[in-house]
Amino acid sequence: TGLPEEPQGVRCAAAAWPGSLRVSQLRAGVGRGADMRRLLVVGAGPAGIEMALEAVHSGKFDVTVVETGSQVAANVRSWGHVRFFSPWELNMSALGAKTLGKVPDPAAYPTGLEFVEAYLEPLAAHLEASGHCKILLSTSVVSIGRGHLLKGDLGSSLRAAQRFRVLLSESSGGEKVVEADVVVDASGTYGNGNHLGMGGLPAVGERGCADRIERLIPDVLAQPAKYLGKQTLIVGAGYSAVTTLSKLVELARMHPEVTVNVVWATRRPPGPVYDRIPNDSLPQRDVLAALGNQLAVNPTSAGCPENFLFKHVGHVQLTALQPSEADPARTTVHFERLPAPEAPAGAPQEDELFQMDVDNVVSNTGYRPDSLIFQELQVHQCYASEGPMKLAAALLAASGAGSADCLAQVSPGPQTLMNPEPNFFIIGMKSYGRGSKFLLKIGQEQVTSIAELLSLSGSNSSD
């Protein structure tokens, strides 16, 4: 059929379509028996692997994990050069550590790639060897539906009686529909970046310049020629942005004979950008916060090498991007200064508009969830964060305490993970919507909560 070999014991009926397209229908899981429920997990990243591990360990589920990348944890691999803020002990579940037996130094801080190679890959191998989990690589979820029901068909019991139907697309061009009793979306948000323009819209020309914009944390040290002797614009005021800045400073130290030119643009006004936490229990985070604030307030105090040429442009937003007329290989970026709070409303003055030509544009403006895959399901999303409504409400209420410390979070409980759609759950980074305070230990608690919910009854919804 042109599709990967079917898991043993899974029923599959294939039908030829015009051209090379093949469509198959099969049931999720590896088919141990009629007593096993079928769980489909979207994403083979940290939350997805932990969810699959918990389900297989329960002995109640056959599991299918769907991963867009050609390898497990493709998103994590894309930031594999970045070191965690948190040590190993906060990034491994008790079940994961027990499954591996021998684990890394709990107090050490892994890079993304070390985390994949020492933890996620061995767990994925364990899952596939169990006979109760199939990981489909290079496969994307197109859409998730509920049997023959439409989105507008109401009634929790009615919907719970229908299995999920999940349309998958393979890199080979084939498609198939998988059925499941439970679906957990752990596909994350990394790579689905926010727009650069004012008010969250794409800036004029941003879509046409998409191939000129780096929306991840670039591996600066692995591609020095791209940044040495060039001017790089970094946009954003989160920890991704200051991580990129720190790598550019490191690159300048490694190559003192060449300049590294950096412009850092933020919506925040001039002054400290990061809220430093007294006696921060995550020293790696505090190092970055200190560097970011020094660069924003007084760059000479940051201890950067002389060949690191830096400028912070605060209280601005991008309005347009276009290929430079002087040098089409470069990009002309247009800015508008945001009005001061006391300034009267009205059109900006001429000197409030300015532009610059740069060689690299790095957009570290945060990430958002992709909701397209579950748009046929009854999922209540927050109007502000786009996360699941119950969890978002709990997180917004908790944020009233004003703590900038993500470690201060307490899991709000299993009920906050429930949606109007029975047995559909969103976990991991995607569960926080556009929020950036997610920790892997929270994802582990979410997995435990879902396991608890699924063991209570055969159907779970918010009704």
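The largest cavity in this structure has a volume of about 60 Å³, where a volume is the space filled by probe spheres set on the grid points, joined across faces, edges and corners. This is a predicted model, in which local features need pLDDT of at least 70 and side-chain atom pairs count only at pLDDT 80 or more, while totals for chains, interfaces and linings use all residues. Residues are numbered from 1 along each chain as its sequence is written, and side-chain values use heavy atoms, with hydrogens and water left out. Here is a tour by topic.

**Cavities**

- A cavity here is a set of points, on a 1 Å grid over the protein atoms alone, where a 1.4 Å probe fits but cannot get out; lining residues have an atom within 4 Å of a point.
- By this rule there are two cavities of 30 Å³ or more.
- The lining of the largest cavity is made by Pro46, Ala47, Glu50, Asn91, Phe115, Tyr119, Leu120, Phe438, Leu440, Gly443 and Gln444.
- H1, H4 and H9 are the elements that give two or more residues to the lining of the largest cavity; helices (H or I, at least four residues) and strands (E, at least two) are DSSP runs, numbered from the N terminus.
- That lining divides into seven nonpolar, three polar and one charged residue, with Ala, Val, Leu, Ile, Met, Phe, Trp, Tyr, Cys and Pro counted as nonpolar, Asp, Glu, Lys and Arg as charged, and the others, Gly among them, as polar.

**Nonpolar cores**

- The largest nonpolar core holds 45 residues, and Leu39, Ile49, Val63 and Phe425 have the most contacts inside it.
- At least two residues of this core come from each of strand E3 (37-42), helix H1 (46-58), strand E4 (61-66), helix H4 (112-129), strand E5 (133-136), strand E9 (182-185) and helix H9 (440-456).
- Another core, of 25 residues, lies apart from it, and Val249, Leu291, Leu295 and Ala302 are among its members.
- For both, a core is a set of buried Ala, Val, Leu, Ile, Met, Phe, Trp, Tyr and Cys residues joined through side-chain atoms within 4.5 Å; buried means under 20% relative accessible area, exposed over 50%, and partly exposed in between (1.4 Å probe, protein chains only).

**Aromatic rings**

- The model has 15 aromatic pairs, where rings of Phe, Tyr and Trp (its six-membered ring) pair if their centres lie within 6.5 Å; planes under 30 degrees apart count as stacked, over 60 as edge-to-face and the rest as tilted.
- One of them joins Trp88 and Tyr119 edge-to-face, at 6.5 Å centre to centre with 65 degrees between the planes.
- Trp88 sits in the loop between helix H2 (74-78) and helix H3 (94-100) while Tyr119 belongs to helix H4, so this pair ties together parts that are 31 residues apart in sequence.
- Both Trp88 and Tyr119 are buried.
- Phe335 and Phe354 are stacked, because their ring centres are 5.0 Å apart and their planes stand at 10 degrees.
- With Phe335 in strand E15 (residues 331-337) and Phe354 in strand E16 (residues 353-358), the pair ties together parts that are 19 residues apart in sequence.
- Phe335 has a relative accessible area of 1%, so it is buried.
- Phe85, Tyr239, Trp264, Tyr274, Phe308 and Phe310 form a cluster linked by ring pairs.
- Arg146 lies over the face of Phe164, 3.8 Å from the ring centre; the rule asks for NZ of Lys or CZ of Arg within 6 Å of the ring centre and within 35 degrees of the ring normal.

**Positive phi values**

- Ala73, a residue other than glycine, has a positive phi near 60 degrees; its place is in the loop between E4 and H2, and it is buried, with a relative accessible area of 1%.
- Glu386, also not a glycine, has a positive phi near 70 degrees.
- Glu386 is found in the loop between strand E17 (360-363) and helix H8 (389-398), and counts as partly exposed at 24% relative accessibility.

**Contacts across the sequence**

- Ser156 and Glu421 are 265 residues apart in sequence and 7.1 Å apart in space, C-alpha to C-alpha; Ser156 lies in helix H5 (residues 156-160) and is buried, with a relative accessible area of 16%.
- Tyr432, in the loop between strand E18 (424-426) and H9, is 47 residues from Ser385 in sequence and 7.3 Å from it in space, C-alpha to C-alpha.

Note on methods. On a 1 Å grid over the protein atoms alone, a cavity is a set of points where a 1.4 Å probe fits but cannot get out, and a pocket is an open set with protein on both sides within 12 Å along at least five of seven lines; lining residues have an atom within 4 Å of a point.
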